[in-house]
Amino acid sequence: IRTIGILGGGQLGRMLSVAASRLGLRCHIYEPGASPAGDVAHVVTNAPYEDHAALRAFAESVDVVTFEFENVPAEALDLIESIVEVRPNRRALTVSQDRLTEKTFLNDLGLRTAPFADVPDEVALAGAISKIGTPSILKTRRLGYDGKGQVRIDSPDRAEWTGAPSVLEGFVDFSAEISVIVARAADGQVAAFDPGLNVHQGGILQTTTVPCGLPARVTTDAVLLAGRIVQALDYIGVMGVELFFTADGLIINEIAPRVHNSGHWTQAGCTVDQFEQHIRAVAGLPLGDGSRYAEVVMENLIGDDLERVPALLRETGVQVHLYGKGEARPGRKMGHINRIVP
Ligand code: ATP
Ligand code: MG
Ligand code: MG
């Protein structure tokens, strides 16, 4: 494998491209919109997913296709898959594109999620609330990220509708949120990075801290459970598994079939980071050494946080990553820092 096609040209695609170049590989990015990854990839196609000629040319120019974005339309994938292999596979993508299929898949594997109910339309909401109770969170089945498309419901008579087919989830009383960044190679080898502690504000990840501070029996459990998920999906690549830690154990919040924001600390804490691990997996190479050799706090730079960059650049033990995005809108992820804890 010499050239990797990446669907999606955001910051994740950008960091994947950097990792690929380091291994002597080339990347071809396919991105309908503005592309921070376009600055660093070898080739960029800027065309919509409906442009089948462009998609075909893209697929024909690469040896394998991966993605940094899980909402690639099914028809686009059909076309690509008729030409070149997509890693991770179609099932992993389909399962995680829809919160309902995702939670059902996890429960079928014997893994715990928050209690949930299918809410296909607004009429079904009242029934779902009587089943799940309040407080609960209504989430659109598809296309949500950074807490978008979610409504918290505190009482049955004050329930807003999300406007699209949704799932209603019971509110989980967690004491911590952690995530496992797990990788599976083409030959079935599985490795996981140390679980990180995640702090969200308004649905957006603010910080990830490693080590996460939970006992080894919990972090081991988390890693084993992530291993079961990638195994069950015959997965190739890196996956992010978000979990809630509660008084009665671990509950899975969601899975992301790609490199994950909560894995950015690996850039400063490991010999081989999540981006290289993913590239190795999809390129059919052996997984690298992802053991953690430092304590790290990753902090996202969101919107105006960009103003802190001049000062951050002067700090000791701080690695600054900027995505080269134009405008710093509120809630927009502009970069992140990895701070090594002395
Ligand atoms: P991401 O950007 O991680 O894909 P998302 O839009 O898919 O985000 P979720 O991960 O579902 O959103 O939720 C965002 C955050 O909201 C969670 O990390 C958690 O802090 C909180 N949250 C979500 N679901 C629940 C729940 N059932 N109970 C309690 N808190 C929740
Ligand atoms: Mg999500
Ligand atoms: Mg999430």
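Ligand 1 is surrounded by 17 residues, of which A114, Y145, E169, V172 and H200 are the closest, a residue being counted as near a molecule if its C-beta atom, placed from the backbone, lies within 6 Å of it. The model is a predicted one, in which local features need pLDDT of at least 70 and side-chain atom pairs count only at pLDDT 80 or more, whereas totals for chains, interfaces and linings use all residues. Residues are numbered from 1 along each chain as its sequence is written, while chains are lettered from A and ligands numbered from 1 in the order in which they are written.

By class, five nonpolar, five polar and seven charged residues make up the shell around ligand 1; here Ala, Val, Leu, Ile, Met, Phe, Trp, Tyr, Cys and Pro count as nonpolar, Asp, Glu, Lys and Arg as charged, and the others, Gly among them, as polar. Strands β6 (136-140) and β14 (249-256) each contribute at least two residues to this shell, where strands (E, at least two residues) and helices (H or I, at least four) are DSSP runs numbered from the N terminus.

The protein is divided into domain 1 (3-86), domain 2 (115-170) and domain 3 (176-340), with bounds that come from an automatic or database domain assignment. At least three residues of the shell around ligand 1 are drawn from each of domain 2 and domain 3. The centres of domain 1 and domain 2, taken over C-alpha atoms, are separated by 34 Å.

Helix α4 (residues 90-97) and helix α5 (residues 99-108) have axes that come within 5 Å and cross at roughly 110°, the axes being lines fitted to C-alpha atoms over the stretch in contact, with angles that run from 0 to 180 degrees between N-to-C directions. Helix α4 is therefore roughly perpendicular to α5, a term that covers angles of 65 to 115 degrees. In this pair, T94, V95 and S96 of α4 meet T101, E102 and F105 of α5, contact requiring C-beta atoms, placed from the backbone, within 7 Å. By class, the contact has two nonpolar, three polar and one charged residues.

Most residues other than glycine have a negative phi, and most peptide bonds are trans. L143, although not a glycine, has a positive phi of about 70° and is found in the loop between β6 and β7 (150-153).

Notes. Angles under 35 degrees count as roughly parallel, over 145 as roughly antiparallel, 65 to 115 as roughly perpendicular and the rest as oblique. Two residues are in contact if their C-beta atoms, placed from the backbone, lie within 7 Å.
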